[in-house]
Amino acid sequence: MDITSSTADSSPPATPGAKPGSKAANAARGATRPGDRIFLALSRGSGLLLLVIMAAIAAFLAVRATNALSHNEGNFFTTFEWSANATPPVFGIAVLAFGTIVSSLIAMIIAVPVAIGVALFISHYAPRRLAAPLAYVIDLLAAVPSIVYGLWGALFLVPHLGGLYSWMNDYLGWTGVFAYHDGAARSLFTIGILLAIMILPIVTSVSREVFLQAPKMHEEAALALGATRWEVIRMAVLPFGRSGVISASMLGLGRALGETMAVATVLSPSFTIGKSLLDPGGGTFAQNIASSFKESGEIGKDALIASGLVLFVLTLLVNGAARLIIARRKEYSE
């Protein structure tokens, strides 16, 4: 018997259309190994388990929310009141949705440009002896507990924002959005500033790592053609890191949407929507759940879970939108 022919006959069939020795042929041959089959099964099982867990969470929230909404005497989406423990219960998420979205948007507007600038400075401008400790300090800020940020915001940030609010009132008060009528700076704008400080380390760290992965050949080619450092960053680094910056921003937005203790420590909650962002009051989903859960009855807890379901859906929509944006701009990063 020909040894060569017997060996060839015993080898697993290659992928149709794959050339011998190609990656597709090697992958098809390696997939028959026990270790590969086990790893494939574990990976697939982990992905399915994650989907099951997400579905279970959504089902739990939906069931408990349905119980609360069946007893609600107000419009869940437009009512400016939260009396879930009253008889009959009346509650709505209009103020909570407004406060959550507005404070998160303020945080993103402040934090993302600063984070991109810091990331570019560390990755392309700062000398190595300065870049390493600066990156370490920024990464360390991400590990600070949110209650520490909340205490710092209540004891230091709030008392020192009066001057900034007065300046904004003098020059921007005519808009009505930035009108300031004295009082403690426990407003949605203050929450936005605090959330911006909290998400800054996350956005900076991820953006820095993405910028460091930019192809060096592209940067060197641009420099060889006479481009300045900023032109290299604008033409080679930023287009490559656009998807990564979007992902980093969505990570920061996710934390801003769900932040609890820092917001509950600083904000003066009230179920009113003021004309000015500098007026005390307002509320967020997470803050309302944390402050109201302990004294809530059965219907009250289900009402809080219903508001949590809205936050859950909002987070999924934000992440889905981010994935769509990244997918549409993927070709610019390759």
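**View 1. Helix α4 passes helix α10 in a right-handed crossing.** A crossing is called right-handed if the near helix is turned clockwise from the far one by less than a right angle, and left-handed if anticlockwise. This is a predicted model, in which local features need pLDDT of at least 70 and side-chain atom pairs count only at pLDDT 80 or more, while totals for chains, interfaces and linings use all residues. Residues are numbered from 1 along each chain as its sequence is written, and side-chain values use heavy atoms, with hydrogens and water left out. The axes of α4 (residues 94-125) and α10 come within 9 Å and cross at roughly 140°, where axes are lines fitted to C-alpha atoms, for helices over the stretch in contact, and angles run from 0 to 180 degrees between N-to-C directions. That makes α4 oblique to α10, since angles under 35 degrees count as roughly parallel, over 145 as roughly antiparallel, 65 to 115 as roughly perpendicular and the rest as oblique. Among the residues that make the contact are Met108, Val112 and Ile116 of α4 and Ile233, Val237 and Leu238 of α10, contact meaning heavy atoms within 4.5 Å. By class, the contact of α4 with α10 has 13 nonpolar, five polar and one charged residues; Ala, Val, Leu, Ile, Met, Phe, Trp, Tyr, Cys and Pro count as nonpolar, Asp, Glu, Lys and Arg as charged, and the others, Gly among them, as polar.

**View 2. Helix α9 meets helix α10.** The axes of α9 (residues 216-224) and α10 (residues 229-258) come within 9 Å and cross at roughly 150°, which makes α9 roughly antiparallel to α10. The crossing of these two helices, α9 and α10, is right-handed. On the α9 side the contact involves His218, Glu219, Ala222 and Leu223, and on the α10 side Val232, Ala236 and Val237; these residues divide into five nonpolar, one polar and one charged.

**View 3. Helix α6 crosses helix α8.** Here the axes of α6 (residues 146-157) and α8 (residues 188-212) come within 11 Å and cross at roughly 135°, and the two helices, α6 and α8, are therefore oblique to each other. Ser146, Tyr149, Trp152, Gly153 and Leu157 in α6 are in contact with Thr190, Ile193, Leu194, Ile197 and Met198 in α8, and the residues of this contact comprise seven nonpolar, three polar and no charged.

**View 4. Phe76, Phe77, Trp82, Phe91 and Phe271 form one aromatic cluster.** Rings of Phe, Tyr and Trp (its six-membered ring) pair if their centres lie within 6.5 Å, and planes under 30 degrees apart count as stacked, over 60 as edge-to-face and the rest as tilted. By this rule the count comes to nine aromatic pairs. The ring centres of Trp82 and Phe91 are 5.3 Å apart and their planes are at 55°, so the pair is tilted. Both Trp82 and Phe91 are buried, a word that means under 20% relative accessible area, with exposed over 50% and partly exposed in between (1.4 Å probe, protein chains only).

**View 5. A cis peptide bond joins Thr87 and Pro88.** The omega angle of this bond is about 0°. Pro88 has its place in the loop between β1 (82-83) and β2 (90-91); helices (H or I, at least four residues) and strands (E, at least two) are DSSP runs, numbered from the N terminus.
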